[in-house]
Amino acid sequence: MKKLLAFIAAAGFSLSAVAAPEVYVIDGSHTFPRFEYTHMGFSTQQSRFNNTTGKVTLDRAAKTGAVEVLIDTKSVDTGSTLFNSHIQGEDFLDTAKYPVATYKSTKFNFDGDKLASVDGNLTLKGVTKPVTLTVTSFTCAPHPMLKKDACGANATAKIKRSEFNAGKYAPAVSDDVTLTFAIEAIKQ
């Protein structure tokens, strides 16, 4: 009987040491996916999307997680109303037909305790392709204003816009596009 109680106590102790996955909801006022490309060799243009939703699930003890980001493509912000409508047109984002772009992870990759990259699928303009995000910073801590746990990350990837049926004017307007995700999420 003592052995059984000792086993149950040990099992209970080890189960309590296992962390459960935590769910974080993306904070749309601090999450802005951006994209940049070269314009006819003259300059690097940078734009962003102003409306993003989604969630992050993270189990730091197990070193696993998942992220789903939904980007309102109609919220593209180039800094010019005229150019916003141009980017939303059929040749590029075709926001009338594809109002949402998504990124859904398939695997979190850790280097020790540090999140190093996220493998996943980007769906843009109805085309889904695997894209690996390289994580350049990742922090989880109590949010000083909200008094809740929060996580934030910056990650980058390179894609070819022609692979997403948005390659008009390439190569004068570069086919290579750098994506940068700046994400903050609040624990639920």
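The biggest contributor to the lining of the largest pocket is β2, with four residues. Keep in mind that this is a predicted model.

Q: Which elements each supply at least two residues of that lining?
A: Those are β2 (34-39), α2 (81-87), β8 (114-124) and β11 (176-187).

Q: How many residues line the largest pocket, and which lie nearest its centre?
A: The lining has 24 residues, with Phe-35, Ile-87, Leu-93, Arg-161 and Val-177 nearest the centre. The space in this pocket comes to about 420 Å³.

Q: Why is Met-40 called partly exposed?
A: Buried means under 20% relative accessible area and exposed means over 50%. Met-40 has 47% relative accessibility, so it counts as partly exposed. Met-40 sits in the loop between β2 and β3 (43-49).

Q: What makes the phi of Met-40 worth a look?
A: Its phi is positive, about 55°, although Met-40 is not a glycine.

Q: Why does Lys-63 count as partly exposed?
A: Lys-63 has 32% relative accessibility, so it goes in the partly exposed class, which lies between the 20% and 50% cut-offs. Lys-63 is in the loop between β4 (52-59) and β5 (64-72), and has a positive phi of about 60° without being a glycine.

Q: What is omega for the cis peptide bond that joins Ala-170 and Pro-171?
A: Omega there is about 5°. Pro-171 belongs to the loop between β10 (149-160) and β11.

How values were computed: Residues numbered from 1 in each chain as written. Predicted model: local features only at pLDDT ≥ 70, side-chain atom pairs only at ≥ 80, totals over all residues. Heavy atoms only, no water. 1 Å grid on protein atoms, 1.4 Å probe; cavity = no way out; pocket = protein on both sides within 12 Å on 5 of 7 lines; lining within 4 Å. Points joined across faces, edges and corners; volume = space filled by probe spheres on them. Buried < 20%, exposed > 50% of the residue type's maximum accessible area, 1.4 Å probe, protein only.
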